[in-house]
Amino acid sequence: MIHCLPVPTPFAVGRVNVYLVEDDPLTLVDTGPNSATSLTTLESALAEHGRRVEDLERIVITHQHIDHIGLVQILANRSGAEVVAFEPLKPWLESYREGMEADDAFSEAVMARYGIPEDVRMALRSVSMAFRAWGAAATVTKTVREGDTIEFAERTWTVHHRPGHSPSDTIFCDEGRRELIGGDHLIKHISSNPLISRPLEGGDPTERPQALAIYLDSLAKTREMDLVRVLPGHGEEIHEHRQLIEERFRLHERRARKLLRLIAERPQTAYELAQAMWGNVAVTQAYLTLSEVLGHVDLLRNDGRVVEVEEDGVAHFAAT
Ligand SMILES: [Zn+2]
């Protein structure tokens, strides 16, 4: 039996789904952010199922975002639970503050290159600094990789890496029950933002990953899976994952077409494109919308329909 325990977050996304897996070992998937409100909500949700934090034997992490990892170490300290995460995430989680600092520096360089003005960059940086306290460092005691299994008395999960929303997105498939723990890889009521993030391992950290292209590849793999339900990191359970993935593919095709029309009018920066697409949201949510624009421009560049031209250190996009 898997129970969904929704835990509040201070973020626009609203509550995060924490899952309690009633099996041996007693397992929690994700934790909610590091706040007293989240912890007390989680404690009473566990109590409704006759459990306490101290009973937890294993904590499994779906990805690095702070609404999912904030309470990991507090819960692990109180329960002695093992902490399971995707292997390349271990060093990032263990030196959380340095990791976030490096991530912010990376985002700032990306924003400067793609035309986000300095005042907007500084505002975003202070927002990110303020949010940092909702996450916390955690020690990972067991690492997993693509194809590994996580064993319980009554079930087995196969581990798959499905990057795109974040570099560490990890999903866990119970092939027997055709049930997937999906994290934020696939969410029913919103399309998961393919955020441009600093790579966790390997590669050139100054080179921007094609987050949307990577995400669409990951979605295509998940579409092939035979599932009856997906338990997501936010919102309701998903029963028609293939249909939802097809909708996401169509949404991204439409957006790419719209961006191509805008670029065909005149060469523009990604920031100008984001403003044309989303107006003021491109200012308040500058990194999110920048990631969206760059993701779609990547698809157009890969198809040879758009080129990136640099002028005084700022990239402009032009139609071929
Ligand atoms: Zn999330």
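Reader: Which residues in α1 are buried?
Author: This is a predicted model. In α1, the buried residues are Ser38, Leu39, Leu42, Ala45 and Leu46.

Reader: Why do they line one face of the helix?
Author: Viewed down the axis of α1, the buried residues fall within an arc of 130 degrees, so they line one face of the helix.

Reader: What span should helix α1 have at 1.5 Å a residue?
Author: Helix α1 covers residues 36-48, which is 13 residues, and should therefore span 18 Å. Its end C-alpha atoms are 18 Å apart, in agreement with that value.

Reader: Which residue just after α1 takes a positive phi?
Author: That is Gly50, with a phi of about 70 degrees.

Reader: Changing topic: at what angle do α5 and α11 pack?
Author: Helix α5 (residues 96-113) and helix α11 (residues 286-302) pack at an angle of about 65 degrees, and their axes are 11 Å apart.

Reader: Is the crossing left-handed or right-handed?
Author: The crossing of α5 and α11 is left-handed.

Reader: Which residues meet there?
Author: From α5, Phe106, Ser107, Val110 and Met111 meet Tyr287, Leu290 and Leu294 of α11.

Reader: How many are nonpolar, polar or charged?
Author: The contact of α5 with α11 has six nonpolar residues, one polar residue and no charged ones.

Technical notes:
Residues are numbered from 1 along each chain as its sequence is written. This is a predicted model: local features need pLDDT of at least 70, side-chain atom pairs count only at pLDDT 80 or more; totals for chains, interfaces and linings use all residues. Side-chain values use heavy atoms; hydrogens and water are left out. Helices (H or I, at least four residues) and strands (E, at least two) are DSSP runs, numbered from the N terminus. The expected span of a helix is 1.5 Å times one less than its number of residues. Buried means under 20% relative accessible area, exposed over 50%, partly exposed in between (1.4 Å probe, protein chains only). The arc is that of the directions from the helix axis to the C-beta atoms. Axes are lines fitted to C-alpha atoms, for helices over the stretch in contact, and angles run from 0 to 180 degrees between N-to-C directions. A crossing is left-handed if the near helix is turned anticlockwise from the far one by less than a right angle, and right-handed if clockwise. Contact means heavy atoms within 4.5 Å. Ala, Val, Leu, Ile, Met, Phe, Trp, Tyr, Cys and Pro count as nonpolar, Asp, Glu, Lys and Arg as charged, and the others, Gly among them, as polar.
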